[in-house]
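Subject: Structure handover

Dear colleague,

Please find the structure below. My notes on its core, aromatic contacts and salt bridges follow.

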Amino acid sequence: MTPTPGLLEVDVLVIGAGMAGAMAALAARDAGATVAVASRAPGATALSSGAVGVAPDPTASPDEPLAWLRAPVEAARRLAARRPDHPYAAVGVAGLWRLGEALRFAARQLEPLLAPPLERPRLLATPAGNAVRAALCQRSMDAGDLLAVRGPLLVCGFAGHLAFDAALVAAGLARYTPRGGPEVGDAEVALPFDDPAARPHELARALEPPGAAERLGEALRIPAGALGAGAILLPPVLGLDPAARVPERIAAAAGMPVAETLSDVPSVPGLRLHAALEARLRVAGVARVTGEAAGAPAPGRAVEIGGTVVRAETWILASGRFVGGGIARRGALVEPALGLPVQAAEGREAGVHLARRPAASLTVRDRRAPQPLLSAGLRVDAALRPVDDRGRPVHPRLLAAGAVIGGHEQATDGSGLGVAILTGFLAGRAAARRGA
Ligand SMILES: Cc1cc2nc3c(=O)[nH]c(=O)nc-3n(C[C@H](O)[C@H](O)[C@H](O)COP(=O)(O)OP(=O)(O)OC[C@H]3O[C@@H](n4cnc5c(N)ncnc54)[C@H](O)[C@@H]3O)c2cc1C
């Protein structure tokens with residue numbers, strides 16, 4: 001066939017460049033396919049805290065938060081067994097079996113950023129002083145794993161940096177001390193530059209130049225020595241570029257392990273993750289297209305996105321949910337890129353008809369109760385093909401990955417990035433097989 005000028009022809013087109021789209025693209029590329037990724041902006045991945053949540057442990061006792069730590073893969077199996085509408089259940093036993101492989105693939109692809117997975121989850125501190133389970137985390141957080149800290153933990157804030165209250169974090173973490181967590185103390189040090197009230201990403205950048213991290217590390221020696229600390233926990237602003245090695249440099253100057261907490265929004269670790277995914281796509285030779293896919297036709301047909309015309313036999317829709325823009329509220333719920341049917345579930349009732357109800361009617365007053373609106377999305381078969389309201393695949397070479405798939409919700413089941421990694425990995429591998 002003669003190539004058409006101005007046409008980008010690849011085996012696989014991925015729509016969305018969050019964790020799910022990036023994993024899909026990298027898994028397909030790694031399996032030999034040519035891949036293009038189109039996206040219009042950063043999505044929820046860039047807001048995430050720095051922890052990859054896979055699944056809660058339903059057998060964990062609230063009174064013994066540091067005990068009974070089930071491996072993330074086992075916790076995901078239990079979640080799938082309890083929730084037949086969850087993506088972990090949709091991919092079937094064989095799909096979920098590959099979760100460990102998918103997590104290791106993600107850690108390898110994001111090697112300088114992510115710490116390798118352990119058999120158990122890590123327990124990491126939030127800026128509110130809680131501990132949450134993470135299947136994967138950024139290296140900058142690894143030394144703050146409450147199950148691995150040796151000796152007292154010093155929580156240290158920065159004078160004038162009001163986004164982080166060291167005393168609050170320390171008081172929260174002290175609740176875990178009688179149950180096997182470390183002793184905790186708190187302190188505050190001055191930052192080695194002028195504007196401690198700068199926004200988190202500005203503080204992160206200011207710690208990168210030579211000398212800044214080293215001066216902070218030296219200042220930390222005094223409160224750390226007074227406590228006899230075994231490790232230091234800092235606000236989540238330890239550099240934007242992992243290559244600047246800010247935590248490692250602070251640790252070398254302080255003479256002990258240093259970690260940052262997870263982050264609220266705006267999230268420096270989330271921005272770091274977004275930047276690392278973009279860098280990895282570039283290195284892997286994935287073509288990047290910036291723009292919005294709207295009313296796109298179907299795999300195999302040319303589609304124009306942001307001025308580029310792309311043709312691919314297989315498409316993977318990884319457009320996220322409300323933050324990413326993969327699902328939108330226009331009175332009722334819609335999927336704007338291809339106009340696919342959106343489904344919602346409320347109690348035992350499920351399906352497209354529910355999603356056609358006014359979106360506001362899918363919320364429940366008790367905010368701790370499941371919110372049907374927040375877990376609405378596409379329904380997929382075991383091959384990750386979106387299905388219509390009768391359960392039939394919409395197109396044989398159209399796959400979906402990540403938060404655009406419904407049936408899960410980060411805020412209540414903590415499986416956000418875990419779902420993105422597993423479904424992205426499986427969709428990418430399957431797409432590469434189809435293209436071959
Ligand atoms: C504030 C916040 C904090 C969170 N914290 C955590 C956490 O700590 N741990 C965790 O495990 N999970 C967390 N989650 C959940 C997790 O971030 C998401 O589940 C996950 O990032 C979803 O990834 P995704 O790739 O599916 O979607 P997204 O990251 O949202 O990416 C969607 C992509 O699709 C693109 N896109 C959408 N529509 C189009 C279109 N029509 N054309 C072109 N491009 C399009 C967007 O531009 C974007 O690039 C958090 C979520 C939020 C909102």
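Buried means under 20% relative accessible area, exposed means over 50%, and partly exposed lies in between (1.4 Å probe, protein chains only). This is a predicted model: local features need pLDDT of at least 70 and side-chain atom pairs count only at pLDDT 80 or more, while totals for chains, interfaces and linings use all residues. Residues are numbered from 1 along each chain as its sequence is written, and side-chain values use heavy atoms, with hydrogens and water left out.

Aromatic contacts

Rings of Phe, Tyr and Trp (its six-membered ring) pair if their centres lie within 6.5 Å; planes under 30 degrees apart are stacked, over 60 edge-to-face, and the rest tilted. Searching the whole structure gives one aromatic pair. Its members are Phe105 and Phe425, with ring centres 5.2 Å apart and planes at 50 degrees, so the pair is tilted. Phe105 belongs to helix H5 (residues 99-109) and Phe425 to helix H14, so the pair ties together parts 320 residues apart in sequence. Helices here are DSSP runs (H or I, at least four residues), numbered from the N terminus. Phe105 and Phe425 are both buried. Arg429 lies over the face of Phe105, 5.3 Å from the ring centre; the criterion is CZ of Arg or NZ of Lys within 6 Å of the ring centre and within 35 degrees of the ring normal.

Nonpolar core

A nonpolar core is a set of buried Ala, Val, Leu, Ile, Met, Phe, Trp, Tyr and Cys residues joined through side-chain atoms within 4.5 Å. The largest one has 92 residues, and Leu13 and Tyr88 touch the most other members. Helix H14 (residues 416-435) supplies the largest share of this core, eleven residues. Apart from it lies another core of 28 residues, including Leu154 and Val268.

Salt bridges

The structure holds 20 salt bridges, each a side-chain nitrogen of Lys or Arg within 4 Å of a carboxyl oxygen of Asp or Glu. One of them joins Asp381 and Arg385 at 2.8 Å, N to O. Asp381 is buried at 16% relative accessibility, and Arg385 is partly exposed at 23%. Through shared partners, salt bridges join Glu74, Arg77 and Arg78 into one network. Within it, Arg77 and Glu74 meet at 3.2 Å, N to O. Another salt bridge connects Arg83 with Asp413, the closest N and O atoms being 3.8 Å apart. Arg83 is in the loop between H2 and helix H3 (87-90) and Asp413 in helix H13 (residues 410-413), 330 residues apart.

Regards

Key
Helices (H or I, at least four residues) and strands (E, at least two) are DSSP runs, numbered from the N terminus.
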